[in-house]
Amino acid sequence: MDRYAVIGSPVSHSKSPFIHGRFAEATGQSMSYEALEIAPEALAERLAQLHAEGYRGFNVTLPHKLAVARLCGQVSERAQLAGAVNTLLRTEGGWQGDNSDGEGFVTDLRRNCGIGLAGKRVLVIGAGGAARGILQPLLGEKPAELVLSSRNPWKPEEIAEQFKPQGRITPRTHASLKGDLYDVIVNATSTGHQGFMPKLPGPLLAPGGACYDLSYGKAHEPFAAWARAQGAARIADGLGMLVEQAAVSFALWRGVRPETATVLAELRAA
Ligand SMILES: NC(=O)c1ccc[n+]([C@@H]2O[C@H](COP(=O)([O-])OP(=O)(O)OC[C@H]3O[C@@H](n4cnc5c(N)ncnc54)[C@H](OP(=O)(O)O)[C@@H]3O)[C@@H](O)[C@H]2O)c1
């Protein structure tokens, strides 16, 4: 039986074992999937060990998404652009790194949320790791405008410069957004985990606009409340992205893309 796992610290809360277990059942794959707690200082040694033990691949969660890239023999172009690795594939001599977050994000928007991006004015709030991961596929959807906003101007400016070959990103600060209106607003900050939204100036959502949050569960509540106050026609959390990015990783490992609707419905019902 081929062995897979999610690695992180902490990792016991991860929904990945449930999701991949259901994918394996549905597609008839002979594989196991577990959660492995690995401390940051033990990462290099444990990855070598797990390779020797025959593991076929991993999902990577916090705090290893950056560090693991330096331990890969090869890193895909999209993971290099994202500056983070969330999927490891076994190679003969070590590990190959990839990032399935961006593809999971656009698939969720399109398939599960019915939120289109083509020709839309799109605002991404927060310029951390997850924002970097969704920018390339987001540009690929051909929005009329893509604005990246942060508390200070430096991160969005640096990212806009780096992504120039992929397309135009307008760097802004939250405060400077005052008076703008967007068709789709994506929350890529982590502040929902602390129970609040970053301070944003006035109305930002155009009539009929949609709001999408990368966070889910309790961490989604502050953004959902803000989106309701903006009069959003559609509000979505990041649970669908979680399932879709897992399906992308699963397909990279097993060569078969699992159906996601059932697992997503089960997670929502739980
Ligand atoms: N659904 C999924 O599959 C999925 C996948 C990946 C991540 N996520 C979620 O996405 C979120 C972001 O993750 P990440 O990895 O990008 O985290 P990160 O790299 O730590 O970035 C955090 C972001 O939050 C902002 N922030 C932090 N503290 C703040 C504060 N006090 N006030 C205002 N802004 C603050 C930062 O803003 P500045 O840019 O202003 O510094 C930064 O952009 C998390 O909630 C994570 O759970 C979901």
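Two strands are taken to pair here if DSSP finds at least two bridges between them, strands being DSSP runs of E of at least two residues and helices runs of H or I of at least four, both numbered from the N terminus. The model is a predicted one, with local features needing pLDDT of at least 70 and side-chain atom pairs counting only at pLDDT 80 or more, while totals for chains, interfaces and linings use all residues. Residues are numbered from 1 along each chain as its sequence is written, and side-chain values use heavy atoms, leaving out hydrogens and water.

Start with strand β10, residues 182–187. On one side, β10 pairs with β7 (residues 121–125) in the parallel sense, through four bridges; here N187 is the bridge partner of I125. β10 also runs parallel to β11 (residues 205–213), joined to β11 by five bridges, with I185 opposite C211. As for cover, six of the six residues of β10 are buried (under 20% relative accessible area with a 1.4 Å probe, protein chains only).

Now for the helices. Helix α4 (residues 101–113) and helix α8 (residues 239–254) have axes that come within 7 Å and cross at roughly 120°; axes are lines fitted to C-alpha atoms over the stretch in contact, and angles run from 0 to 180 degrees between N-to-C directions. The contact (heavy atoms within 4.5 Å) involves D101, E103, G104, F105, T107, D108, R111 and N112 of α4, meeting G240, M241, E244, Q245 and V248 of α8. Sorted by class, that makes three nonpolar, five polar and five charged residues, with Asp, Glu, Lys and Arg as charged, Ala, Val, Leu, Ile, Met, Phe, Trp, Tyr, Cys and Pro as nonpolar, and the others, Gly among them, as polar.

Terms used. Buried means under 20% relative accessible area, exposed over 50%, partly exposed in between (1.4 Å probe, protein chains only).
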